[in-house]
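Thanks for making the time this morning.

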Amino acid sequence: MSPIEILFTRAKLADGSLKDIGVSGGRIISIEPSSAEAPLAESVDLGGALVVPGFVEGHIHLDTSFFGDAWIPHKPCTNGFDVHERVAFQAQNMAQAAPMDVRARNQLDLCIANGSTQMRSHVMVDGSVGLKSLETVLAVREEYRDHIDIQLVAFPQSGILKSPGTPQLMDEAISMGADLVGGLDPASFDRDLEGHLDVVFGVAEKHGVDVDIHLHDGGTLGLFTIEQICARTRALSMQGHVAISHAYGLGDLGGDAAKRAAETIAASDVSIMTNAPGHHAFPPVALLRASGVTVFSGSDNIRDSWWPYGDGDMLGRAMMIGYRSGFYTDDELKAAFDIVTDSGAKALRLEGYGLKIGAKADFVTLKAEHVPEAVVAIPKERSVYKAGRLVARNGAVIRA
Ligand SMILES: [Zn+2]
């Protein structure tokens, strides 16, 4: 066994025990009861702070946020929520915003300072922007490789069939370094559910990559789309490799229909991402989890053309999920926390996640008695460690 390089002493784990965590080569190599003896290795005294795994920011848009840039007032849609119109507003706003790399860094700093050590970002790839946004975000990802692990989704924001050249661009995006294939409301946006899914799953199958589809469609259209995505997932043996983001339609279903949908999703091992959005119906988190569905979360939009909210704090997001889901008991609050940590890691298929021997030494210290209190109190005083190295403290990112 390699010797301990850094020993983190007096770490309070979720079970209340006080432990010393030994780290070597960026990984956890020992977790032992805290000892009163002076440590032999280089040590960091965590002082009994609650130590939890780094948060999983499972759905964000690094290319479209205006966080840290000039405030851009939100413009409402002409006749209620309309994805096409919002995409048009976004194009207008992006034309007058600060350069994309500057905005992406602003947003990454915000997320890292709040404790996210793992992220999945969607990046626009379509006939309007081509591969330019992806090139920019790929370069920024490289800059931040010691601070956060980032998966990128080739996201067809302008549709796949409606935006000429997009199927080829999605294919090239994966060759360039995007990790997943995205999609967007196959039926309502492209008005061709199967045609849209043919491209998404075709590119995924060709390159052997995972899928994460934005689905805002509600009601029976939303449910039908979910059923078709699940059927494809099973037909291609892609269980565990497909996610549906938002899936608002699940929130429109009544008791039995919701239960049947949850069973279909669980049987297909498709993950559901929800950010517990403000005024939308959203997936029944407790029912999905009880049925065996992996539910994960993300900030989604932060100060962009879609809404002005978002602070990049996944602990706050856990609170929001719990608040909107009516979670009160300790077990329910722990479930909300699980969504932004372990379940997020499962949905993203992260290697070496968690506070265990062999895992990456990615963790956050919190001023809280235990996890349920952390979820409701959202303490802002935090230290964030990536591969055993301090990368942020109390809201500020630390650079080597
Ligand atoms: Zn999104």
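This is a predicted model: local features need pLDDT of at least 70, side-chain atom pairs count only at pLDDT 80 or more; totals for chains, interfaces and linings use all residues.

Let me begin with helix α2, residues 100-113, and helix α3, residues 132-143, which pack at an angle of about 45° with their axes 10 Å apart. Because of that angle, α2 counts as oblique to α3, and α2 passes α3 in a right-handed crossing. On the α2 side the contact is made by Met100, Asp101, Ala104, Arg105 and Leu108, and these meet Ser133, Thr136, Val137, Val140 and Glu143 of α3. Sorted by class, the residues of this contact are five nonpolar, two polar and three charged.

Turning to the other pair, the axes of helix α6, residues 219-235, and helix α7, residues 255-268, come within 9 Å and cross at roughly 25°. An angle under 35 degrees counts as roughly parallel, so α6 is roughly parallel to α7. Here the crossing is left-handed, and α6 contributes Leu223, Ile226, Cys230, Thr233 and Arg234 to the contact, while α7 contributes Ala261, Thr264, Ile265, Ala267 and Ser268. This contact of α6 with α7 has six nonpolar, three polar and one charged residues.

Finally, how many cavities of 30 Å³ or more does the structure hold? There is one, and the largest cavity has a volume of about 40 Å³. Its lining consists of Phe66, Ile72, Pro73, His74, Lys75, Asn93, Asp304 and Ser305, which divide into three nonpolar, three polar and two charged residues.

Technical notes: Residues are numbered from 1 along each chain as its sequence is written. Side-chain values use heavy atoms; hydrogens and water are left out. Axes are lines fitted to C-alpha atoms, for helices over the stretch in contact, and angles run from 0 to 180 degrees between N-to-C directions. Helices (H or I, at least four residues) and strands (E, at least two) are DSSP runs, numbered from the N terminus. Angles under 35 degrees count as roughly parallel, over 145 as roughly antiparallel, 65 to 115 as roughly perpendicular and the rest as oblique. A crossing is left-handed if the near helix is turned anticlockwise from the far one by less than a right angle, and right-handed if clockwise. Contact means heavy atoms within 4.5 Å. Ala, Val, Leu, Ile, Met, Phe, Trp, Tyr, Cys and Pro count as nonpolar, Asp, Glu, Lys and Arg as charged, and the others, Gly among them, as polar. On a 1 Å grid over the protein atoms alone, a cavity is a set of points where a 1.4 Å probe fits but cannot get out, and a pocket is an open set with protein on both sides within 12 Å along at least five of seven lines; lining residues have an atom within 4 Å of a point. Grid points are joined across faces, edges and corners, and a volume is the space filled by probe spheres set on the points.
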